[in-house]
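Let's take a walk along the place where two protein chains meet. Have the structure open and follow along.

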Number of protein chains: 2
Amino acid sequence: MGFWKTWFSTSESVTTSKTTSFEEQTAASVGDSPNSVSEASSKEARIVFSTERDLDLYELEELCDAVGWSRRPLRKVKKAIEHSFLVASMWQVRGNQRRLIGFARATSDHAFNATIWDVVVHPDFQSKGLGKALMKYVLKKLRSEEISNVTLFADPHVVDFYRSMGFMSDPEGIKGMFWYPH
Amino acid sequence: MGFWKTWFSTSESVTTSKTTSFEEQTAASVGDSPNSVSEASSKEARIVFSTERDLDLYELEELCDAVGWSRRPLRKVKKAIEHSFLVASMWQVRGNQRRLIGFARATSDHAFNATIWDVVVHPDFQSKGLGKALMKYVLKKLRSEEISNVTLFADPHVVDFYRSMGFMSDPEGIKGMFWYPH
């Protein structure tokens, strides 16, 4: 099923709950299908979450550019999205227009562990609780797959953000470690 | 191709290099196939590495028991192995007998990141450089797939071991963080 088909068919089905705030909406389960879309709204525009993988890679690159990330070959980004366990996107929808405003993905063994990568919220939409809403959406999806250990590597300036969401750094002295080819 | 077939066909082809130490042997590439087997030897027994996934789960459980890990449902272990990007095992081979003495696996997006999990060496074979040999084998395999960022979460007592292999903890203040369902 293509992105837009999923999008609109699912969006229509939840337009009755337009007054629900996105936090409340994302906490509620909208559907069990991995392609299901959660939705929330304000008076002006709705915020919609999706696990659809059929993203416009140029739009994603634009989002990553906006937060100053180094560009990566789109061929590799495509491969990474294909082989991620979960791909989550956040959209601002006004009428029939939609804008990609957030993204996150997770690798996993589908059984015990998931690791969240590439969490990004467009600067225009930061400090509004949307990063938290996106992460809640990601955690809800991972929990629904019975993943018992969710990990990530946090840059120093977002450690407190993740801590506020219940992530612990170095629990019992466990250290995140990196190795780069040389 | 079944495990034993891979095993013996590959083992035969490298029995000429029996005097090579395992460190030297694992540093050299024996084959490009994901099922290729690297081998090394001492006077008494050979140490063999494999990426074959068709492991006896009870033998793996026995290995994990030996280092005191909590038991996990074999159904989930099976699923995790199936969905890992890399599964590496280390064997002691004497004549036609083989014993599983080490294991490690990695999740990955097949493009940028890999995360190594469940690294274990049987206590009888620790402090002989075999953990290092196993990790070298894992890193060689990941590097051959053009993975540029290899990560892991190290328990406190093995942080120095991984550091000695070139892993860095908290580079530029990046923190490994964990979230558990509640």
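Between chain B and chain A, 24 residue pairs are in polar contact, counting pairs where both residues have pLDDT 80 or more; that cut-off comes in because this is a predicted model. There are also four salt bridges between chain B and chain A. One to look up is Lys175(A) with Asp170(B), where the closest N and O atoms sit 2.6 Å apart.

So which parts of chain B touch chain A? Quite a list supplies at least two residues each: helices H4 (74-82), H5 (130-144) and H6 (159-164), along with strands S4 (97-108), S5 (113-121), S6 (149-154), S7 (168-169) and S8 (175-179). S6(B) gives the most, with six residues. Sort the residues on this side of chain B by kind and you get 24 nonpolar, 15 polar and twelve charged.

Now zoom out to the whole meeting place. Here 51 residues of chain B are in contact with 51 residues of chain A. Together the two chains bury about 4,900 Å², and 62% of that is on carbon and sulfur atoms.

Strand S7 of chain A (residues 168-169) pairs with S8(B) in the antiparallel sense, over two bridges. Look within that pairing and you'll find Ser169(A) standing opposite Met177(B), which belongs to S8(B).

Methods
Residues numbered from 1 in each chain as written. Chains lettered and ligands numbered in written order. Predicted model: local features only at pLDDT ≥ 70, side-chain atom pairs only at ≥ 80, totals over all residues. Heavy atoms only, no water. Contact = heavy atoms within 4.5 Å. Buried area = accessible area lost by both parts, 1.4 Å probe. Salt bridge = Lys/Arg side-chain N within 4 Å of Asp/Glu carboxyl O. Polar contact = N/O pair within 3.5 Å; in protein donor to acceptor, adjacent residues only side chain to side chain. Helix = DSSP H or I, 4+ residues; strand = E, 2+ residues; numbered from the N terminus. Nonpolar A, V, L, I, M, F, W, Y, C, P; charged D, E, K, R; others polar. Pairing = 2+ DSSP bridges.
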